[in-house]
Amino acid sequence: MAAHKMLLCVLMSLFVLTTAQECGKFTGNIDDKDSKLPWMVQLRERMSSDVICTGTLISNRHVLIDAHCVWPKSYFVALKLISNVYVTIGNDAFDLMDIKINSDWKFNNPNYDGDIAIAVLFNPVTFSDTVQPICLPEQNAGTLIRPDGLVTGINNIDNTNVRRRVTVEKNDVCFQHFPTRVQKASPRTFCVKWQGEDLEIANGFSGSYLHNSDDVWLIQGIETETFVQKNDCDIQKHSIFTNVAHYIDWIQNIVKRDTEQVWKDIELKCTFKRNFEGLYGCEVENLIINSPNVRIASISGLHEDNMDNSAVEYVWIKDSQTSHLPRFDAGIFFPHLIKYLITNSGLKFISRDDFSGMPKLETLDLSHNELKEIPEDTLYDLNELVDLYIENNQFKNLPENLLSHAPAFQRFKATNNTLEILPANFFKANHALKILSLDNNKLHKIFVDFRPFRNLKKIDLLNNRCISTNFNDWRRYKSVLIVQKEIESACV
Ligand SMILES: *[C@@H]1O[C@H](CO)[C@@H](O)[C@H](O)[C@H]1NC(C)=O
C-alpha cells in the first residue's frame with residue numbers, strides 16, 4: 001500500500017515536472033547586447049512596421065508592455081488599438097486580439113502609477129529555443145527588488161539593442177538629481193541607476209528590468225521613464241520602473257481567463273455589394289451564434305470587380321440568430337469599416353469588446369433586437385461615432401456616460417423602447433447633437449437641458465408619458481422641430 005502510494009507520488013511529480021511551463025532560461029551570453037532574448041517582443045505600427053516599444057512574453061499568448069506605449073498621458077483614450085498594431089517575435093509577426101490596460105493608469109493624472117498593459121495574441125505562439133516566456137516574480141516579493149539587475153530593451157532613437165547592468169537606488173537618492181520627476185513615482189515603482197562611463201545618451205528607451213535567480217530570469221520591472229543629466233565630467237542616468245510584482249494578481253487573472261477560454265473560430269460569409277447610399281459592404285444573413293466565445297477568423301465571399309476587403313465600408317448582419325456578437329477585429333479584415341449594423345438578429349448581450357477593434361466606426365445600428373441593457377463603457381473605443389440606432393429593443397434606461405467618448409456624435413434614435421428617464425448628462429460630450437428620436441417610450445423625465453445644443457434640428461417625443469422638464473421655456477427661442485404630444489398633460 002505504502003509502496004503504491006510512493007509510486008503514485010513519484011509519477012505525479014514527474015508529471016508535474018514534465019508539464020510545467022518552462023520560463024526564463026537563457027544559455028547564451030546575456031550581456032552581449034545583440035544576443036537574442038527568447039521573450040523579447042516588438043510592438044509595431046501596422047502601416048509603417050515601425051517599432052513602437054518592446055514587450056516581454058509571459059505566456060504563449062500574453063505580452064507585458066507599458067500602458068503609456070499605447071495610451072500616452074493627456075489623451076483621454078488609448079491611441080494604439082489592436083487594429084493598428086501587431087507584434088513580432090524573432091522574425092514572425094502576430095496579430096493581437098486585445099490590449100488590456102491596467103485600470104489604475106489615469107490619463108488626467110501626472111503620476112505614472114499603473115503603467116502596465118497586456119497585449120493578447122490572436123493565436124498562441126509555439127515555444128522553442130528562440131521563443132520562450134520570461135518568469136514572473138512572486139506576489140509577496142512585491143517590495144523586494146533585487147538590487148543588481150539587467151536592463152534589456154531597445155533605444156527608441158535608433159532601434160539598437162540596450163543591455164546593461166544596473167543597480168536599484170532608493171527613491172530619495174534617485175530623485176536628488178531629478179527632483180521634478182518625483183511626481184511620476186508611486187509606491188508601485190522603483191528607480192535604477194545606470195552604470196558605466198559610456199552610457200548611451202538617449203532618453204528614449206523602452207524595456208524591462210530582469211533579475212537572475214538560480215539560473216532563471218524573471219521580470220521585476222517595466223520601464224516607465226528614463227532621464228539623463230550631463231554635467232562637465234559627470235553623467236547621471238536613471239530610470240523609473242513599474243514594479244511587476246504588485247500587479248501579479250491582475251496579470252494572472254487575465255492569463256488564466258484567456259487560457260481557460262476556448263475560442264470558436266468562424267468564417268464570416270459575406271455577400272459583397274453596394275448599398276443604396278453607394279457604400280461598399282459585406283452583408284450576412286442567417287448567422288447563428290449563441291455563446292460569447294466566438295470570433296471571426298476569416299472572411300469569405302465573392303468581391304465585385306476591382307474590389308477587396310480594404311474597400312469594405314460597412315458590415316450588416318441581418319435576419320440572424322446572434323444572442324452575442326462575434327469578436328471581430330475590423331482592423332485586420334476591414335480597415336476602412338465605418339458602419340456596423342446588426343438588425344433583426346435576436347441580439348441580447350453586448351459589451352465593449354464587441355466594438356473595440358473598429359476605431360473608425362461612425363454608425364452603429366443595433367435596432368430590432370432584444371437588448372435590455374448596455375454597459376456604460378460599451379462605446380468607449382468608438383471615438384468617431386456619429387450615429388447610434390437602438391430602436392425596437394427593450395431598454396428601460398441607459399447609463400449616463402454611454403456617449404461620453406464620442407465628441408462628434410449627432411444622431412440618436414431610440415424609438416420603440418420602454419425608456420423612462422433621460423439622465424441630465426447623457427449628451428454632455430456631444431455638442432454636435434442634431435437628431436433625437438425618442439418616440440414610443442415611457443419617458444416621464446428628461447433632465448437634459450437642450451439649450452447649449454446649437455445644431456439640434458429635431459426632437460421626436462410622440463407617445464411618451466407626460467414629460468416634465470424645463471423644455472418649454474427653451475422651446476420659445478429655439479427653432480427646433482419638436483414632435484410631441486401633450487407633454488405636460490396630466491402631469492403634476
Ligand atoms: C415602432 O413600433 C411600431 C409598432 O410595432 C411600428 O409600426 C413602427 O414602425 C416602429 N417604429 C420604428 C421607428 O421602428
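**View 1. Isoleucine 248 is partly exposed in this predicted model.** Let us start with a single side chain's surroundings. Around isoleucine 248 there are 16 other C-beta atoms within 10 Å. A residue needs 20 or more to be buried and 12 or fewer to be exposed, so with 16 isoleucine 248 is classed as partly exposed. You will find isoleucine 248 in helix α4, which covers residues 248–260. Setting aside neighbours within four places in sequence, the contacts of isoleucine 248 are Leu136 and Gln139. Leucine 136 lies 112 residues from isoleucine 248 along the chain, yet their C-alpha atoms are separated by 7.8 Å.

**View 2. Strand β3 is covered on both faces.** This strand spans residues 62–65. On one side sit His62 and Leu64, on the other Val63 and Ile65, and all of them are buried. Strand β2 (residues 51–57) runs antiparallel to β3 and is joined to it by 2 bridges. Together, β2 and β3 make a hairpin with 4 residues between them. Strand β7 (residues 117–121) is also antiparallel to β3, joined by 4 bridges. Leucine 64 is a handy landmark here: it stands opposite threonine 56, and its bridge partner in β7 is isoleucine 118.

**View 3. Strand β1 pairs with β2 and with β4.** Look for β1 at residues 40–45, where 5 bridges join it to β2 in an antiparallel arrangement. Arginine 44 stands opposite valine 51 in β2. The hairpin of β1 and β2 has 5 residues between the strands, and among them serine 49 takes a positive phi near 65°. Strand β4 (residues 85–89) pairs with β1 in the antiparallel sense too, over 4 bridges. In that pairing, leucine 43 stands opposite valine 87.

**View 4. Alanine 119 belongs to the residues with the most contacts inside the largest nonpolar core.** This core has 61 residues, and Leu43, Leu96 and Ala117 join Ala119 in having the most contacts inside it. Which residues does alanine 119 touch, not counting those up to four places away in sequence? They are Leu43, Gly55, Val63, Ile65, Val87, Leu96 and Ile99. A second, separate core has 52 residues, including Leu366, Leu382, Phe426 and Leu461.

**View 5. The whole protein chain has 6 helices and 29 strands.** Stepping back, 37% of its 492 residues count as buried. Among the contacts with a separation of 6 or more, 63% come from residues 24 or more positions apart. The chain averages a pLDDT of 86, and 88% of the residues score at least 70. One stretch to treat with care is residues 5–20, where the pLDDT is below 50. Beyond near neighbours in sequence, residues 5–20 have 0 contacts in the model. Where pLDDT is low, the predicted coordinates should not be read in detail.

Definitions and conventions
Residues are numbered from 1 along each chain as its sequence is written. This is a predicted model: local features need pLDDT of at least 70, side-chain atom pairs count only at pLDDT 80 or more; totals for chains, interfaces and linings use all residues. A nonpolar core is a set of buried Ala, Val, Leu, Ile, Met, Phe, Trp, Tyr and Cys residues joined through C-beta atoms within 7 Å. Two residues are in contact if their C-beta atoms, placed from the backbone, lie within 7 Å. pLDDT is the predictor's confidence in each residue, from 0 to 100. Two strands pair if DSSP finds at least two bridges between them.
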